[in-house]
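Visitor: I have a model open and would like to learn how to read it. Could you walk me through it, one feature at a time?

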Amino acid sequence: MKSVLYKKTKKDFKILPNLEDYERTYERFNWKDWEKELAWFEDGKINAAYNAVDRHVDTWRKNKIALYWEDDDGTQKKYTFEDVALASNKMGNILKDFDVGRGDRVFIFLPRIPELFFSFLGILKIGAIAGTLFSAFQEQALEDRLANSDAKVLITNSELKPRVDKIRNKLPNLKHILVVDTESFTKTFAHTSSELHISHMDPEDYAFMLYTSGTTGKPKGIVHGHGTVLQQYLTAKWVLDLKDEDTYWCTADPGWVTGIAYEILGSWACGVTSVIFAGRFDPKRWYQILEKYRITVWYTAPTAIRMLMPKGTQLVKQFDFSSLRHMCSVGEPLNPEAITWAISAFGMPFHDTWWQTETGAMCIVNFPCMDIKIGAMGKPFPGLTAAIVDDQGKVLKDNEEGNIALKPGWPSMMQTVWRRPQKYKSYFVNNWYITGDRGMRDKDGYFWFIGRADDVIKTSGERVGPFEVESALVAHPAVIEAGVIGKPDPLRGEIIKAFVVLQSDQQAAISNKKVGDKLKEELSQFVKKHLAGHAYPREIEFIDKLPKTRSGKIMRRILKAKEMGLPVGDTSTLEEY
Ligand code: WTA
C-alpha cells in the first residue's frame with residue numbers, strides 16, 4: 001500500500017513514551033509479566049473497579065484529582081480518587097439494599113454526569129454486571145436491551161425516566177428504578193455508608209455488558225469480565241501513553257465501549273487525572289476545554305475531527321494548546337486528510353487505534369514510539385496475534401485483502417454474547433476470531449482497513465444495525481417494508497439511508513413531491529422518536545420493491561451498489577427484481 005510516512009523526530013520525543021521499543025517488546029511479551037502491575041486480592045482474585053480507583057487511595061494519589069467534570073452550562077466539579085472511591089462505595093451499598101447481588105444486571109441510563117461514573121464502579125464493586133445506555137436512546141432501543149438482559153435495576157434521572165415509564169409494563173423483571181436527581185435519592189446517598197466490601201472476582205466473572213449491532217437481528221449483549229482491565233490498563237499506558245503528570249480527555253460516552261475502557265477502567269487504572277465534558281460537540285467549546293484544563297493527552301473520533309477541520313487551523317491558533325503532547329482516534333477509518341490537518345493545526349498527528357466492543361480494548365494501533373504510515377491502523381498490540389484470513393480461516397499473504405482476524409485468548413476478549421451462545425461461537429473460524437472487518441497487512445506489518453464484511457453501519461462512529469432501523473420503520477403505518485444501508489458521507493463516514501416500500505394507498509399520494517417530502521421527514525422523526533436520536537435515516541428513498549433472496553432476505557448489498565453506481569455483483573440468489 002502506498003502511503004505517506006510521518007516519521008517521528010526528536011520533537012516527537014520531548015517526553016519519552018512509556019513504550020520505547022515496540023518490536024522488541026512484541027517479541028518477548030507475556031501477559032503474565034504485566035499482571036503484577038495490577039492489584040490482586042490475597043486469594044488471587046481481582047476487581048476491575050478496585051483497580052481503576054480504590055487501589056490509588058492507598059498511595060499518594062489519594063488526594064490527586066481523578067475527575068474534572070464540566071457541563072454544557074459551565075458548571076464544574078472535581079473529585080479526588082478518594083472521592084470517587086467513596087461515592088462508588090455508596091452506590092454499591094445502595095444497590096445492595098435493593099437486593100442486588102453477584103451477576104445481577106444493573107443498567108445505567110444517564111447523561112455523562114458524575115453519578116454515571118460512580119454507579120458504574122459501584123456495580124462492579126459488588127460483583128453485579130453493569131450495562132450502559134446512551135441517553136439518546138428511545139423506548140424501542142431501551143426495551144430491546146432491558147428486556148434481553150433482564151435488568152433488575154435501572155439508574156436514571158428525572159429527565160430520561162419518562163422514556164422508561166412508557167415501556168415499564170413490558171419489563172416484568174425490572175424491580176427498581178433509581179432516579180439520581182430526586183430529593184429522596186440525594187438523602188439516601190448522604191446517609192449511606194461509604195464503607196463497602198469489594199467483591200473478589202475471577203478474571204472471567206462478568207463485569208459489564210454492552211449492546212452492539214450486527215447485520216441481522218436485534219442488538220446483542222457483549223459481555224466482558226473483570227480481567228479486561230489488564231489490557232485496558234496496558235493499552236492506556238502504552239498507546240495513550242498516560243503518565244502521572246497528564247491531564248487526559250476522552251470525548252467518548254460510556255454508552256460506548258470506548259467510554260468504559262478509556263474513560264473509566266483503563267485510564268483511571270493508570271492513575272491519571274481525567275476531564276469529562278458532558279456538553280454537546282462544539283468546536284470552540286472543545287478547544288476551550290483543551291486549553292482551560294491544559295489537556296496533555298486527547299482521545300477522540302474521526303467524525304469529531306472532521307467537524308473541527310472546516311473551522312480551519314485559524315480557530316486552533318486562537319488557543320494555547322502548548323500542553324497537548326499526544327492525540328489518538330478510534331471508531332471509524334481515520335482519513336489521511338484528518339491526520340495531515342492535525343499536523344498543520346496542532347503540530348502533531350492523530351494516532352489511529354482499531355478495536356471493537358467485542359475486543360474490549362485496543363488491538364491494532366499506532367504507538368507513540370512508531371512512525372505512522374498515514375492511513376494505516378498500525379500494528380497489533382504485544383500479546384496479540386493479528387492476521388488477514390480468508391473465509392475458511394486460512395492466513396493470507398501480505399498485501400492480500402481478506403478478513404481481519406485475531407488469535408483468541410487476549411485478556412479483554414468478550415466472555416460471551418448474552419444468552420446467545422451460538423452467536424458467540426459464530427465469531428470463530430479455524431481458531432481465529434473473525435472481526436467482521438476487511439483489510440490487509442503490508443510487508444512492514446502495518447494493517448490497513450478496507451471496509452466491513454457485513455452490512456453494519458458506522459455513522460459518526462456509532463455502530464448501527466440495519467435491521468434495527470428497518471424494524472423501526474415498518475412500525476410506521478405507511479410502511480410495508482424497508483431496506484437500510486450505510487451511504488458513504490465525507491463528514492460522518494456513513495449516513496443511514498433507507499429504501500422504503502409504502503402501503504399502496506400511500507403510493508399515489510407521494511407523486512406529489514411535497515407530500516412525499518413530508519412523509520420522508522415524518523418517517524425520519526418516527527425512527528428518531530422510537531429508536532434513538534442518532535440512529536435515524538438522514539436520507540429516505542421510496543421504491544416499489546426491495547431486492548431479496550429467494551428465501552426473502554433483503555439484499556442490502558444490491559441497494560448499496562445501486563446507490564453508489566457500482567456493479568451489483570453476484571445476483572444468483574436474487575429473487576426476480
Ligand atoms: C470500526 C469501537 C477503521 C470497525 C471501539 C470495527 C474502525 C467497528 C476503527 C467497531 C479504526 C473501529 N479504523 N474502522 N481505527 N476503529 N472501527 O464496536 O468497523 O463500536 O469493527 O467499537 O468500528 O465498532 P465498535
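Visitor: Is Ser-344 buried, partly exposed or exposed?

Guide: First, the ground rules: this is a predicted model, where local features need pLDDT of at least 70 and side-chain atom pairs count only at pLDDT 80 or more, while totals for chains, interfaces and linings use all residues. Residues are numbered from 1 along each chain as its sequence is written, and side-chain values use heavy atoms, with hydrogens and water left out. Burial is read from relative accessible area: buried means under 20%, exposed over 50%, and partly exposed in between, with a 1.4 Å probe and protein chains only. Ser-344 has 43% relative accessibility, so Ser-344 is partly exposed.

Visitor: Where does Ser-344 lie, and with which residues is Ser-344 in contact beyond its neighbours within four places in sequence?

Guide: Helices (H or I, at least four residues) and strands (E, at least two) are DSSP runs, numbered from the N terminus. Ser-344 sits in helix H14, residues 336–346. Contact means heavy atoms within 4.5 Å; apart from neighbours within four places in sequence, Ser-344 is in contact with Thr-313 and Lys-317. A polar contact is a pair of N or O atoms within 3.5 Å; within protein, one must be able to donate a hydrogen and the other to accept it, and residues adjacent in sequence count only if both atoms are side-chain atoms. Here the Ser-344 side chain reaches the backbone oxygen of Trp-341 at 2.8 Å.

Visitor: Which backbone oxygen does the side chain of Gln-232 reach?

Guide: That of Gly-360, at 3.0 Å. Gln-232 belongs to helix H9, residues 228–238, and its relative accessible area is 0%, so Gln-232 counts as buried. Leaving aside neighbours within four places in sequence, its contacts include Phe-208, Tyr-262, Leu-265 and Gly-360.

Visitor: Now for sheets. What is the order of the strands in the open sheet of nine?

Guide: In general, strands of a sheet pair through backbone hydrogen bonds, either parallel or antiparallel. Two strands count as paired if DSSP finds at least two bridges between them. The nine-stranded open sheet reads E3-E2-E11-E10-E12-E13-E14-E15-E17, with mixed pairing. Its edge strands are E3 (76–80) and E17 (379–380), each pairing on one side only.

Visitor: How many bridges join E2 to E3, and how many join E13 to E14?

Guide: Strand E2 (residues 65–70) and E3 run antiparallel, joined by five bridges; Leu-67 stands opposite Tyr-79 in E3. Strand E13 (residues 326–330) and E14 run parallel, with four bridges, and Ser-329 has Asp-352 in E14 as its bridge partner.

Visitor: Which way do the residues of E14 point?

Guide: Phe-350, Asp-352 and Trp-354 point one way, His-351 and Thr-353 the other, and all are buried. Strand E14 (residues 350–354) is thus mostly covered, with five of its five residues buried.

Visitor: Why is H4 described as largely enclosed by the rest of the structure?

Guide: Because twelve of the 17 residues of H4 are buried, among them Phe-81, Val-84, Met-91 and Leu-95. To judge its length, take the expected span of a helix as 1.5 Å times one less than its number of residues. H4 (residues 81–97) reaches 24 Å from its first C-alpha to its last, close to the 24 Å expected. Just after H4, Asp-99 takes a positive phi of about 70°.

Visitor: At what angle to E3 does H4 run?

Guide: Axes are lines fitted to C-alpha atoms, for helices over the stretch in contact, and angles run from 0 to 180 degrees between N-to-C directions. H4 lies across E2 and E3, at about 90° to E3.

Visitor: What is the strand order in the open sheet of three?

Guide: The order is E26-E27-E28, and the pairing is mixed. Strands E26 (479–489) and E28 (539–542) stand at the edges with a single partner strand each, so one side of each is left without a neighbour in the sheet. From one strand to the next, the twist averages 25°. E27 (residues 493–502) and E28 pair in the parallel sense over four bridges, and Phe-499 has Glu-541 in E28 as its bridge partner. Helix H18 (residues 513–530) packs on this sheet, touching E26, E27 and E28, and its direction makes about 130° with that of E28.
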